[in-house]
Amino acid sequence: MRESQLGDLTVSALGLGCMGMSQSYGTSDDAESIATVHAAIDAGCTFLDTADVYGDGANEELVGRALAGRRDQVVLATKFGFSRRQAGDTIPNVINGSPEYARTAIDASLRRLGVDHVDLWYLHRRDPQVPIEETVGAMAEAVETGKVRYLGLSEVSGDTVRAAHAVHPITAVQSEWSLWTRDPETEVLPTLRELGIGFVPFSPLGRGFLTGQIQSPSDFGPDDMRATLPRFTGENFQKNLDLVAQVKSLAAARGVTAGQLALAWLLAQGNDIAPIPGTKRRKYLAENLAAVDLTLTPEELDTLNNAFPPEAAAGTRYSESAMKLVNQ
């Protein structure tokens, strides 16, 4: 497995997003999920990502069980900041970035994970009611006490990164980035590279759309969050399906899957990038990991860049209310 450099933290070039093991993408299977985590570690994919809000804490507990006896083999990342979700919402949207909440959140995460520290601790979303300097100041206390090794932020603007980094070094920023979500390239990524901060793209396969396996909105069950997202509904669905057809065509010419091609495009963006595609099944993990050995030619990269210019995807990533919480 290749390695990526997130600030001073070295991680596997491809990580494993664990959220879907406990929520948002259909029925859970804890036994298969744990087997997937073990297979990832065995293959050198040792950068694991979870959060306290995933499954209302169940995902941290699951990851903790999977890491029993193997904690020292992984770089473990978790997040805090969502305190709850409002009734009827599938996506958490109540944020608490207060220093008091930060202090209780890290202790609760460590308890659920069954570990004495995490390697990377992110603020999941910026709390607009709390100065970022105060939130990061409290997070820095967790570093001083040995509960956390490095700090990160998620879905923030370049200005927020600068303000936070001035309080305590920020190691990584996590946001959605893929062929159909390219807005980080405008402001955030240049800021990170100026400051020596790494980037962790989540949903690098467009929540599965870029794999080419999704053909109809009926592919989603009632417990799948994608059924409610603008990009997966109405006229947007067919428009985005047409976009993905170009990835499938180029992938077929290379003899690889569309998902592997999409991951290879992202991995080609630099060794300060560590995508974390999520899966709860070993067969999809193996497919994703094969992308690490796929090198795209300059011509292929140009073709993909031209096929997916910024704003090419139809529809927003989240609902209107949830979009207000990103890039803040």
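Among contacts in the protein chain between residues at least 6 apart in sequence, 74% join residues at least 24 apart; contact means heavy atoms within 4.5 Å. This is a predicted model: local features need pLDDT of at least 70, side-chain atom pairs count only at pLDDT 80 or more, and totals for chains, interfaces and linings use all residues. Residues are numbered from 1 along each chain as its sequence is written, and side-chain values use heavy atoms, with hydrogens and water left out.

**Overall build**
- The protein chain holds 11 helices and 11 strands. Both are DSSP runs numbered from the N terminus: helices are H or I with at least four residues, strands are E with at least two.
- The chain is as compact as a globular protein of its length, because its radius of gyration is 19 Å, close to the 20 Å that the globule rule gives for 328 residues. The radius is taken over C-alpha atoms, and the rule is 2.2 Å times the number of residues to the power 0.38.
- Along the principal axes, the C-alpha atoms fill a box of roughly 55 × 40 × 40 Å.
- Of the 328 residues, 58% are buried. Buried means under 20% relative accessible area, exposed over 50%, and partly exposed in between (1.4 Å probe, protein chains only).

**The sheet**
- Seven strands form an open sheet in the order β3-β4-β5-β8-β9-β10-β11, with parallel pairing. β3 (16–17) and β11 stand at the edges with a single partner strand each, so one side of each has no neighbour in the sheet.
- Two strands pair if DSSP finds at least two bridges between them. Four bridges join β5 (residues 75–80) to β8 (residues 118–123), and these strands run parallel.
- Ala77 has Leu120 in β8 as its bridge partner.
- Helix α3 (residues 99–113) lies across β5, β8 and β9 (148–154), at about 135 degrees to β5. Axes are lines fitted to C-alpha atoms, for helices over the stretch in contact, and angles run from 0 to 180 degrees between N-to-C directions.

**Helix α6**
- Val188, Leu189, Thr191 and Leu192 are the buried residues of α6 (residues 188–195). They lie on the same side of α6 because they cover an arc of only 160 degrees around the axis. The arc is that of the directions from the helix axis to the C-beta atoms.
- These buried residues pack against α5 (158–167), β10 (170–176) and β11 (198–202).
- Gly196 follows α6 and has a positive phi, near 75 degrees.

**Val53**
- Val53 sits in the loop between β4 (47–49) and α2 (58–66). Val53 counts as buried because its relative accessibility is 8%.
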